[in-house]
Every structure is written in structure tokens, then in C-alpha cells.
Amino acid sequence: MASSGSAKGPWGAPTLLGVPLDENSSYKRGAAAAPQLIRDALCCESTNMWTELGVDVGAEGAYEDAGDVQWNGDAFSAIEQAVEGLLEKRQRPVCLGGDHSITYPIVRAFGRRFKDLTLIHFDAHPDLYDHFQGNRHSHASPFARIMEEKLAKRLIQVGIRTMNPQQKKQAERFKVEIFEIGRKRALEEVKTWCPVYVSFDMDVLDPAFAPGVSHREPGGMSVREVLEHLHSITATIVGADIVEYNPSRDVSELTGTVAGKILKELLGKMLMACNCP
Ligand code: MN
Ligand code: MN
């Protein structure tokens with residue numbers, strides 16, 4: 001299938017890219033095993049491929065799969081180059097992590113191509129530390145790197161519930177728009193414009209819905225709340241990631257199933273409109 005796929009507009013099909021990296025996790029490893037399990041959950045025969053908004057993600061050419069990023073030396077360079085390669089072909093990368101550190105090299109590739117990128121970031125954590133345990137590439141720091149390099153015009157964080165003074169200072173420095181947990185219809189209040197990149201950390205969900213994460217933070221969103229947020233995004237989504245699913249912490253593949261559902265709804269949303277130049 002040509003990269004134009006069945007997607008509307010000048011941009012081609014959303015394209016899965018696995019990023020099996022978890023070496024920048026500060027607490028527990030395991031997220032590197034997630035990419036294939038999320039793919040399996042997406043196509044699991046326990047359900048069908050239609051999204052709740054009526055898009056058939058199982059239609060031929062609806063999405064493509066570029067496999068997993070591979071590297072010998074510098075993982076970040078390999079990730080950035082792989083994403084750049086897809087953007088070059090006008091595909092829309094949907095990256096499956098891996099820990100959240102991968103979002104920095106991914107967004108570096110996007111930042112070169114899109115001048116006015118808006119990031120919509122779902123997470124229990126702001127991930128804005130200048131460094132964490134001495135690691136500037138920690139999974140607790142990607143959005144500090146992204147905003148320092150001015151790779152995005154706007155950073156909107158949804159579901160935050162672990163703010164502290166250190167990160168609050170960073171959020172003010174970078175003018176981050178924060179919607180802490182409990183803010184209903186947050187994204188409807190925000191006038192987003194094309195193009196949007198969605199970074200989805202699985203721990204934005206309550207551990208009751210998604211126990212398979214390294215940092216379980218109680219008091220999070222239900223799956224239904226997440227879907228309402230995703231469905232309310234009106235701008236064109238040019239790329240996305242789903243990160244921090246840690247299968248070694250999962251219970252009965254529950255979190256994998258949720259990750260597959262979120263991926264399906266995200267792909268469907270990407271296919272609904274793409275008018276980005
Ligand atoms: Mn995160
Ligand atoms: Mn998190």
C-alpha cells in the first residue's frame with residue numbers, strides 16, 4: 001500500500017514504530033517489552049477494529065507498521081532518524097514505547113518539520129525535571145529538553161497529579177499549560193491548532209485501570225475519561241506516542257488491553273481529518 005493509504009489530506013497513513021528502550025527509567029525497567037504487546041492488543045480478536053467514533057482501523061491501508069527501531073550505539077540518534085525517515089515520506093509516526101525518555105528524540109524530528117507544534121501530553125507526572133538522579137535524558141525530563149530547544153510552540157499537560165515546587169518552577173519557565181487531574185473537558189477549553197502531537201503516558205490512568213506501569217499513581221483517570229479527552233481533540237494529529245506500559249507489572253494483560261484500545265481510538269482520530277499543510 002502506498003504511504004498515502006486511505007488517510008485524508010496530504011499526509012499519509014499513521015505508521016506504528018516500536019521503540020523498545022527503557023534504560024532511562026528511574027525506578028523499574030520493563031517498558032522495553034511493550035511495543036509488540038500493544039500491537040497484539042490492537043489486533044486481538046476479542047474485539048473488532050472499529051473505533052467508538054465509527055472509523056474502521058482494520059481497513060486495508062488505514063495504518064502501516066514500520067517495525068521497531070534498532071540501534072547499536074546511540075539510541076536517541078537512531079530514534080530521531082527513524083522518525084525523520086517516516087516524516088520524510090509524509091507518514092505520521094505513532095511510536096510505541098518504551099519509557100517516556102523517547103519522546104525527546106521523537107519530537108526533535110517533528111520540531112524540525114513543524115514550526116507551530118502543539119504537544120498534548122497525558123501523564124500523572126509533568127516530566128519537567130532538569131535532570132533526575134543526574135540523568136538529563138531521564139524519563140522524568142523529556143519535556144524540559146523539548147521546551148529548552150523550542151521544539152514545540154505549546155505544551156498542554158493533562159492529568160497531572162504529582163506537581164512539586166521544582167517542576168512548578170520549570171512549568172512557569174516554559175509557560176506550560178497544565179490541566180491537573182479532575183479538570184473535565186480540559187481540551188475543549190483549549191483552542192488547539194494544527195498540528196498536534198499527542199504523548200500518552202499510561203500512568204495518567206488510575207492504577208485500577210492500568211496497573212502495568214512503573215510508577216503507579218493513585219487517583220488517576222478512568223479509561224472513559226481518557227477517551228473523552230482524546231475524542232474532543234479537534235486539531236490534526238500528525239504524530240503520537242504511547243509510553244510507560246510495563247508488562248512485567250501488568251495483571252492479566254489488563255493494561256495491554258487498555259493500551260491497545262487507546263491506540264485504536266488514537267489511530268481512528270488521526271484518520272478522521274488531516275488537513276495539515
Ligand atoms: Mn511520563
Ligand atoms: Mn508518568
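**Close-up views of a predicted model**

Phe122 is buried, and so is Phe200. Buried means under 20% relative accessible area, exposed over 50%, and partly exposed in between (1.4 Å probe, protein chains only). This is a predicted model: local features need pLDDT of at least 70, side-chain atom pairs count only at pLDDT 80 or more, and totals for chains, interfaces and linings use all residues. Residues are numbered from 1 along each chain as its sequence is written, chains are lettered from A and ligands numbered from 1 in the order in which they are written, and side-chain values use heavy atoms, without hydrogens and water.

**View 1. Aromatic pairs.** Rings of Phe, Tyr and Trp (its six-membered ring) pair if their centres lie within 6.5 Å; planes under 30 degrees apart count as stacked, over 60 as edge-to-face and the rest as tilted. The count comes to 6 aromatic pairs. Phe110 and Phe114 are stacked, at 5.9 Å centre to centre and 20 degrees between the planes. The ring centres of Phe122 and Phe200 lie 5.2 Å apart with planes at 40 degrees, so this pair is tilted. Phe122 is in strand β4 and Phe200 in strand β7, 78 residues apart. Strands (E, at least two residues) and helices (H or I, at least four) are DSSP runs, numbered from the N terminus.

**View 2. An aromatic cluster.** Trp11, Phe110, Phe114 and Tyr197 form one cluster. Phe110 is buried at 0% relative accessibility, and Phe114 at 5%.

**View 3. Ser138 in its loop.** Ser138 lies between β4 and α4 (142-148). Its relative accessible area is 2%, so Ser138 is buried.
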